[in-house]
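Student: I am new to this structure. Could you take me through one part of it closely?

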Amino acid sequence: MSKAIAGFSKLTKQEKINWIANEYFTNPAVAVSLLKKYWNNDENLQKLHDEFIENTITNFYLPLGVCPNFNINGREYTIPMAIEESSVVAAASKAAKFWAQRGGFKTMILGTEKIGQVHFIYKGDKQKLTAFFNTIKPRFFNETESITKNMQKRGGGITDIELRDKTESLDNYYQLHATFETKDSMGANFINSCLEQFSKTLKNEALQYNDFNEDEKHIETVMSILSNYVPNCVVRAEVSCPVADLSEGNNIDPQEFAEKFVTAVKIAEVEPFRAVTHNKGVMNGIDAVVVATGNDFRAVEAGVHAYASKNGTYSSLSHAKIENGIFTFWMDVPLALGTVGGLTTLHPLVKFSLEMLGNPTAKELMQIVAAAGLAQNFAALRSLTTTGIQQGHMKMHLMNILNQLEANESEKLQTVKHFEQNTVTHAAVVDFIKDLRKATASNIETDIL
């Protein structure tokens with residue numbers, strides 16, 4: 001039987017929940033109870049969360065952790081991270097502490113340009129279109145003044161508009177390719193509003209352009225939308241120290257470690273299968289801070305991975321080298337972020353996170369996020385090229401396994417102690433808990449007898 005429903009969005013929150021519970025769950029009461037456990041007791045705060053999106057039925061929690069000891073350009077930060085994956089916060093914290101003792105992270109903004117496009121179809125003489133565009137270009141700026149005036153007061157606005165001929169890729173396809181400076185806002189709504197006005201101006205002016213014939217006057221705009229690919233909105237993060245200082249007293253030869261580390265990075269530069277996982281490690285750090293600060297991690301992910309493919313093959317975001325006894329590890333990454341507007345002014349924990357960071361500007365947040373990504377990448381590569389990734393990761397994952405097995409506090413303590421000297425695997429933990437419970441049951445039976 002079809003579960004289609006008409007008018008779902010018009011139902012109350014409780015009616016939506018009741019319908020879902022009755023249609024999809026064998027025990028509707030349990031399903032409803034679970035959803036309500038995650039509601040906030042503060043009705044106003046819950047209402048705020050309900051109104052972030054449509055058809056809200058409950059809240060979905062992510063842990064919010066912090067990474068202290070980040071030294072970025074000589075300033076100390078404790079960085080918020082919202083993420084569910086075990087070991088990410090611990091690894092980034094360890095890398096932050098390691099590099100704080102070796103000069104910290106150095107970051108710099110390479111550009112802040114953002115991009116939007118009006119995609120349109122024009123069937124006519126290319127030279128006429130070029131002449132038309134050059135004639136009306138000032139009108140694009142004039143007719144968006146009501147949209148851009150506040151942004152201009154903050155030093156932002158439309159920086160340029162180009163006509164781009166894309167007919168080699170698709171018949172009759174052209175673009176208005178516009179660049180923007182949006183200062184401390186991510187700028188999506190601002191950019192899209194400007195683009196939609198560009199579209200109106202383009203069509204209206206074409207209808208009145210005397211050099212066009214009747215067919216040429218009827219330009220078809222397909223869509224007007226910002227791009228999440230921002231190859232000129234880029235930040236660099238870097239760490240460096242003498243190779244000899246890479247030692248941590250762990251019996252690992254620093255020269256051998258540095259050379260192996262650089263080789264691991266070079267593998268990610270040339271091997272896409274490795275590069276994807278390598279960059280996923282970078283994004284563990286980046287996404288966690290992006291989410292905590294109320295930014296759009298999907299947009300960031302899309303732009304970053306496109307950037308990793310900018311030379312025609314998917315490759316590593318980070319790079320490493322050894323020159324004159326100095327180890328250097330760095331990364332350029334595109335990050336279109338904002339610290340005003342959107343969730344940054346609505347979500348209480350986003351405001352908390354930004355205040356903890358010192359209420360950074362968008363440029364400062366770009367640098368903080370890039371440093372977190374580089375720290376996470378360093379931590380992952382250090383584990384991979386020394387002890388192996390599973391040793392640290394599985395020990396962090398141990399508590400998740402114990403919670404799945406509903407271990408009590410005594411069982412958790414004994415299990416953690418046991419696996420301090422033993423390899424953690426899911427099967428090994430299951431077996432250990434089984435043996436522990438058998439022994440406990442046996443002792444109880446003996447005491448009774």
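Student: At what angle do helix α5 and helix α7 pack, and how far apart are their axes?

Tutor: Bear in mind that this is a predicted model. Helix α5 covers residues 126–142, and helix α7 covers residues 188–207. The two pack at an angle of about 135°. Their axes are 10 Å apart. That angle makes α5 oblique to α7. The crossing of α5 past α7 is right-handed.

Now look at who touches whom. From α5 come F132, I136, R139 and F140. From α7 come F198, T201, L202, E205 and A206. Sorted by class, this contact has six nonpolar residues, one polar and two charged.

Helix α9 spans residues 254–270, and helix α13 spans residues 362–384. Their axes come within 10 Å and cross at roughly 115°. α9 and α13 are therefore roughly perpendicular to each other. Here too the crossing is right-handed, with α9 passing α13. On the α9 side, the contact is made by F257, F261, A264 and V265. On the α13 side, F378, L381 and R382 take part. Six residues of this contact are nonpolar, none is polar and one is charged.

Take helix α2, residues 28–37. In it, A31, V32 and L35 are buried. Seen down the axis of α2, the buried residues fall within an arc of 95°, so they line one face of the helix. An α-helix has 3.6 residues a turn, so residues three or four places apart point the same way. What do the buried residues of α2 pack against? They pack against α1, residues 13–24. The face turned away from that buried side carries A29, V30 and K37, which are exposed.

Finally, zoom in on one residue. V289 lies in helix α10, residues 272–292. V289 has a relative accessible area of 0%, so it is buried. Which residues does V289 touch, leaving out those up to four places away in sequence? They are I79, P80, M81, V369 and A372. Consider M81 in particular. V289 and M81 are 208 residues apart in sequence. In space, they are 4.8 Å apart, C-alpha to C-alpha.

Go back to the pair you asked about with this in mind. α5 and α7 meet obliquely, through residues such as F132 of α5 and F198 of α7.

Technical notes
Residues numbered from 1 in each chain as written. Predicted model: local features only at pLDDT ≥ 70, side-chain atom pairs only at ≥ 80, totals over all residues. Heavy atoms only, no water. Axes fitted to C-alpha atoms, helices over the stretch in contact; angles between N-to-C directions. Helix = DSSP H or I, 4+ residues; strand = E, 2+ residues; numbered from the N terminus. Parallel < 35°, antiparallel > 145°, perpendicular 65-115°, else oblique. Left-handed = near helix turned anticlockwise from the far one by under 90°. Contact = heavy atoms within 4.5 Å. Nonpolar A, V, L, I, M, F, W, Y, C, P; charged D, E, K, R; others polar. Buried < 20%, exposed > 50% of the residue type's maximum accessible area, 1.4 Å probe, protein only. Arc of directions from axis to C-beta.
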